[in-house]
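Please read them with the structure open.

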Amino acid sequence: MAGLARNFAYGFAEKYLLVLLALASSMLLARILSPAELGVYAIAAVLASLAQVFRDLGTGQLLVLQPVMGQQEQRALLTLSIGTGWALALFMALLAAPLARFYRQPVLAEVLRILALNFLLVPFSAQVTSLLRREMRAAALFRISACYGLTQFAATVGLAVAGLGPCALAWGSFAATAAGCAAAIILRPSGMVWRPALRGARALVRPGGLAVTGNAIDEVGVVAPDLVAGKLLGAEEVAVLGKAQSVLSLFNQAITSAVSPVVFPLFARTAREGGDPVQTYLDAAACITVLSWPFFLLAGLFAPPLVHLLYGPQWQGSVPLIRIMCGAAALYSMFSMVRYLLLATGHIGTQARLDAMAVGGRLLMLAPAGLAGLHWMAAAVALSLLWRSWLVLRVLRRLYGVHAALLLRPMQKSAIVAVAAMLPATAAYLLAGGDGGGQTMLLSGGAAAAVGWGLALWLQQHPLAVFLRRTVLQR
């Protein structure tokens with residue numbers, strides 16, 4: 001328990017540092033760069049993220065899941081990672097000009113060519129971080145992420161002030177990748193091999209291909225709103241939608257992304273040792289929802305002062321979009337760990353099919369919504385999250401016998417905690433005059449919600465409170 005708690009502590013420290021740096025950078029850049037400039041980089045970033053999915057052919061997940069990981073397997077996986085990464089760098093550089101013409105943004109070509117440089121370095125750092133994640137060495141992962149995040153913050157803000165526009169973000173990304181790669185090489189596990197080899201690579205292509213197919217399809221769904229808005233509406237609309245989604249993604253950055261590097265290896269180890277990963281998932285979902293449900297509901301309630309604080313008054317157009325999407329995001333949060341459960345229990349193909357159905361439905365909803373405007377696009381995003389939640393619930397019931405009543409039972413205490421947080425926060429919101437309130441309303445409402453949340457958590461003996469108490473007592 002103490003070792004697991006330390007891994008979670010480092011995981012949260014890692015992600016909180018990155019979130020704080022990204023948030024500070026976003027707040028500064030929103031005031032330095034124009035919405036159009038940020039929109040150009042947003043389009044480039046989502047295109048790069050699509051390529052990033054194919055970068056290692058799923059080798060990162062295989063490094064965690066493989067029952068035995070010897071030098072031969074490491075060399076084969078490194079070969080696949082370097083081959084796909086370098087091929088994608090060339091492919092992305094060649095497509096930069098055609099994509100810039102497609103989106104009618106000439107500077108997009110230069111931004112994409114800079115981002116393509118990342119793919120030359122990432123295979124080496126990714127091999128290290130995957131092995132460290134397999135061994136659950138969260139302290140080393142924290143140091144690597146710290147080097148990455150601090151470098152990105154300093155380089156991006158400095159270059160933006162120097163007047164490089166959207167290219168500042170691209171060069172900042174490359175500087176961070178180089179720093180993270182150097183840190184990974186220094187902190188690599190003992191006995192790690194660097195010499196690629198083809199032997200054994202063929203046997204890893206199929207499971208790696210299934211994993212990367214699912215990841216690629218899922219990533220298409222993630223970036224689809226920005227791509228559709230960029231084509232049908234314009235760069236400025238992409239930026240407004242992106243700011244709305246970035247507010248809601250704060251939870252994923254601060255909580256889900258901090259938990260998943262620990263939960264995924266934990267699920268895999270539980271499955272390898274003959275334990276019950278389904279119960280582990282239910283416990284994790286209970287702990288996630290007690291945090292996510294209050295967060296998303298409060299983000300919707302206090303959207304105006306929150307957006308003003310984070311990005312400035314010129315981004316208030318994102319407020320109604322946040323309110324449209326926050327409820328669906330709260331519901332889907334209970335299913336956010338299912339991907340790792342399926343991968344850990346060997347259902348990689350099922351995850352890929354689930355992603356295909358979910359993303360197909362999202363695209364069918366987004367295409368006509370993009371013709372109607374941003375509000376309809378936000379509604380399509382919300383509906384697609386409901387669609388995905390229903391698909392995931394079907395898979396849980398079919399593979400593990402987890403029906404809706406069984407899933408919701410451990411979430412009852414989370415619902416009570418969410419209500420206990422929202423009641424005083426809503427009172428503070430109404431007393432401050434609703435949307436007319438400012439930062440004082442945000443602070444008073446947040447403080448009232450925190451008190452209600454904490455009291456309900458401890459009085460109910462929620463699983464998160466039990467875990468925290470055991471962690472403290474065992475230190």
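This is a predicted model: local features need pLDDT of at least 70, side-chain atom pairs count only at pLDDT 80 or more; totals for chains, interfaces and linings use all residues.

At what angle do helix 18 and helix 19 pack, and how far apart are their axes?

1. Helix 18 covers residues 412-431 and helix 19 covers residues 439-459; the angle between them is about 155°, and their axes are 7 Å apart. Angles over 145 degrees count as roughly antiparallel, so helix 18 is roughly antiparallel to helix 19. The crossing of these two helices is right-handed.

2. Which residues make the contact between helix 18 and helix 19? From helix 18 come Val 417, Ala 420, Ala 421, Pro 424, Ala 425, Ala 428 and Tyr 429. Helix 19 contributes Met 441, Ser 444, Gly 445, Ala 448, Ala 449, Gly 452, Trp 453, Ala 456 and Leu 457. By class, the contact of helix 18 with helix 19 has 13 nonpolar residues, three polar and no charged. On the numbering, an α-helix has 3.6 residues a turn, so residues three or four places apart point the same way.

3. Helix 15 (residues 348-372) and helix 16 (residues 374-400) form another packed pair, with an angle of about 160° and axes 9 Å apart. That angle makes helix 15 roughly antiparallel to helix 16. The crossing of helix 15 and helix 16 is right-handed. Their contact divides into 19 nonpolar, five polar and five charged residues.

4. Helix 15 has 25 residues, which at 1.5 Å a residue should span 36 Å; the C-alpha atoms at its ends are 37 Å apart, so the two values agree. Helix 16, with 27 residues, reaches 39 Å from first C-alpha to last, close to the expected 39 Å.

5. Is Asp 355 buried or exposed? This residue is found in helix 15. Asp 355 counts as buried because its relative accessibility is 0%, and the cut-off for buried is under 20%. Asp 355 and Val 392 are 37 residues apart in sequence, and their C-alpha atoms are 9.5 Å apart in space.

6. Lys 243 sits in helix 10 (residues 235-272). With a relative accessible area of 10%, Lys 243 is buried. Leaving aside residues up to four places away in sequence, Lys 243 touches Ser 26, Ala 30, Leu 38, Tyr 311, Trp 315 and Ser 318.

7. Ser 145 belongs to helix 7 (residues 138-161) and counts as buried at 12% relative accessibility. Beyond residues up to four places away in sequence, Ser 145 touches Glu 14 and Leu 18. Thr 79, in helix 4, is buried with a relative accessible area of 18%. The C-alpha atoms of Thr 79 and Pro 123 are separated by 9.2 Å, although these residues lie 44 residues apart along the chain.

8. Which residues other than glycine can be listed with a positive phi? Arg 104 is one of them, with phi near 55°. Arg 104 lies in the loop between helix 4 (71-102) and helix 5 (107-116), and at 56% relative accessibility this residue counts as exposed. Gln 461 is one as well, with phi near 55°. Gln 461 has its place in the loop between helix 19 and helix 20 (463-473) and is partly exposed, with a relative accessible area of 35%.

9. Some totals for the chain close the note. The secondary structure comes to 20 helices and zero strands. Of the 475 residues in the chain, 55% are buried. Among contacts with a separation of 6 or more, 82% are between residues 24 or more positions apart.

Conventions: Residues are numbered from 1 along each chain as its sequence is written. Side-chain values use heavy atoms; hydrogens and water are left out. Axes are lines fitted to C-alpha atoms, for helices over the stretch in contact, and angles run from 0 to 180 degrees between N-to-C directions. Helices (H or I, at least four residues) and strands (E, at least two) are DSSP runs, numbered from the N terminus. Angles under 35 degrees count as roughly parallel, over 145 as roughly antiparallel, 65 to 115 as roughly perpendicular and the rest as oblique. A crossing is left-handed if the near helix is turned anticlockwise from the far one by less than a right angle, and right-handed if clockwise. Ala, Val, Leu, Ile, Met, Phe, Trp, Tyr, Cys and Pro count as nonpolar, Asp, Glu, Lys and Arg as charged, and the others, Gly among them, as polar. Buried means under 20% relative accessible area, exposed over 50%, partly exposed in between (1.4 Å probe, protein chains only). Contact means heavy atoms within 4.5 Å. The expected span of a helix is 1.5 Å times one less than its number of residues.
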